[in-house]
Amino acid sequence: MFTLPLGDHAQLRPLEPWQAPEFLAHIDRARATVDPWIPWASLSTDLASATATLQRYADRQATDDARIHGIWLDGTLVGGVMFTRFDDTSGLCEVGCWLEPAGEGQGLVTRACRALIDWAFAQRGMSRVEWWASSGNARSIAVARRLGMSRDGVLRRHSVHRGERRDIEVWSVLAEEWPTGDGASEVTVHTELDRLMGVFVGAFTNTGGRRPDLGVIRDVFVPQGRIIANVGDEPVIYDLDSFIAPRQKMLTDGTLTEFSEWEVAERTEIFGSIAHRFSEYRKSGYHNGEWFEGRGHKTTQFLRTPAGWRMSSLAWDDDAPARA
């Protein structure tokens with residue numbers, strides 16, 4: 001059985017029927033966030049049905065028709081990626097994903113999907129990889145964008161889930177559009193930049209009793225890094241300590257609860273040992289007991305250092321009043 005690292009603490013591995021108890025426990029944790037988008041999750045409600053779900057994929061893999069892989073974070077199954085369709089004859093396949101809250105904000109799905117797409121193009125000679133997502137599933141659509149896919153169109157009222165007809169967006173990337181050879185190193189760098197941004201954004205999350213740890217921001221920045229808030233009449237410029245301390249307090253003293261922030265779109269440019277990323281993000285939570293939702297944009301600069309890629313500066317501009 002192969003294991004592919006997705007970072008310092010995460011791994012991608014095949015997900016097989018004998019792992020059904022672990023899979024069921026994971027789906028129980030993920031059910032509230034996965035069920036609205038992935039129909040087969042609702043079919044895995046006990047050990048027998050969870051085993052049957054994984055067995056269906058094992059049977060389809062045996063005929064080279066589909067595959068399913070799990071994402072483990074610190075030894076715990078937190079999500080996965082899959083080929084929901086795989087047609088070697090036509091050169092067409094479809095990639096899908098799911099994730100429980102504990103795995104969010106770290107770029108795990110994007111890196112895992114890149115690994116599957118690399119394999120489909122380089123090893124199996126696929127011509128086209130598709131991504132189907134409900135029009136309301138903003139996070140899934142954001143992954144398609146980060147993978148460099150193009151939006152082909154919308155299948156109106158295509159699918160029924162929970163008694164509701166939904167529009168399905170179809171995204172795709174073609175073999176000639178996917179970086180290979182010298183470009184493969186850029187894919188690797190892009191994956192690492194995804195991880196750094198995921199760690200930064202995920203540091204603020206305190207949903208579901210999760211305790212935020214803004215100290216990890218020091219791990220993704222150079223020590224001299226600067227973070228800039230453009231939310232008033234003039235920018236506020238922080239060093240790492242002055243940025244982290246007040247936000248750690250707000251996220252742990254009850255001021256800001258059930259808070260999360262996520263990237264919904266990004267454009268990344270890499271030039272040798274420097275890189276730039278322009279991001280659109282959304283966020284939500286309770287501020288002093290009052291629910292709010294916000295959105296905005298970030299510009300982030302990266303440097304390749306002896307210790308690896310690190311952020312050097314980040315500036316953000318909220319479209320709505322800042323809460324974090």
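**Exercise 1. Accessibility in a predicted model**

Into which class does tryptophan 119 fall at 31% relative accessibility?

*Solution.* The model is predicted. Step 1: buried means under 20% and exposed means over 50%, with partly exposed in between. Step 2: tryptophan 119, at 31%, therefore counts as partly exposed.

**Exercise 2. An aromatic pair**

How many aromatic pairs does the structure hold, and what is the geometry of the one between phenylalanine 86 and tryptophan 119?

*Solution.* Step 1: the count is 12. Step 2: the ring centres of phenylalanine 86 and tryptophan 119 are 5.7 Å apart, with 35 degrees between the planes. Step 3: under 30 degrees is stacked and over 60 is edge-to-face, with tilted for the rest. This pair is therefore tilted. Phenylalanine 86 is in strand E4 and tryptophan 119 in helix H3, 33 residues apart, so the pair links distant parts of the chain.

**Exercise 3. A second pair**

Classify the pair of phenylalanine 200 and phenylalanine 243, and say which helices hold the two rings.

*Solution.* Step 1: the centres are 6.3 Å apart, the planes 20 degrees, and the pair is stacked. Step 2: phenylalanine 200 lies in helix H5 (residues 182-202), phenylalanine 243 in helix H7 (residues 240-250). The pair therefore ties together parts 43 residues apart in sequence. Step 3: both residues are buried. Step 4: they belong to one aromatic cluster, together with Phe204, Phe221, Tyr238 and Trp316.

**Exercise 4. Charges over rings**

Over which rings do arginine 67 and arginine 139 sit?

*Solution.* Step 1: arginine 67 lies over the face of phenylalanine 86, 5.4 Å from the ring centre. Step 2: arginine 139 has its charged end over the ring of tryptophan 262, at 4.4 Å from the centre.

**Exercise 5. The nonpolar cores**

How many residues make up the largest nonpolar core, and which have the most contacts inside it?

*Solution.* Step 1: this core has 34 residues. Step 2: Ile71, Ile117, Val129, Trp131 and Met149 have the most contacts inside it. Step 3: elements giving two or more residues include strands E3 (67-73), E4 (76-87) and E6 (128-134), and helix H4 (138-146). Helix H3 gives the most, with nine residues. Step 4: another core, of 31 residues, lies apart from this one; Met197, Phe204, Val220 and Leu314 are among its members.

**Exercise 6. Around valine 129**

Which residues does valine 129 contact, leaving aside neighbours within four places in sequence?

*Solution.* The partners are Cys93, Val95, Ile117, Ala120, Phe121, Met149, Trp171, Ser172 and Val173.

Conventions:
Residues are numbered from 1 along each chain as its sequence is written. This is a predicted model: local features need pLDDT of at least 70, side-chain atom pairs count only at pLDDT 80 or more; totals for chains, interfaces and linings use all residues. Side-chain values use heavy atoms; hydrogens and water are left out. A nonpolar core is a set of buried Ala, Val, Leu, Ile, Met, Phe, Trp, Tyr and Cys residues joined through side-chain atoms within 4.5 Å. Buried means under 20% relative accessible area, exposed over 50%, partly exposed in between (1.4 Å probe, protein chains only). Helices (H or I, at least four residues) and strands (E, at least two) are DSSP runs, numbered from the N terminus. Contact means heavy atoms within 4.5 Å. Rings of Phe, Tyr and Trp (its six-membered ring) pair if their centres lie within 6.5 Å; planes under 30 degrees apart count as stacked, over 60 as edge-to-face and the rest as tilted. A charge sits over a ring if NZ of Lys or CZ of Arg is within 6 Å of the ring centre and within 35 degrees of the ring normal.
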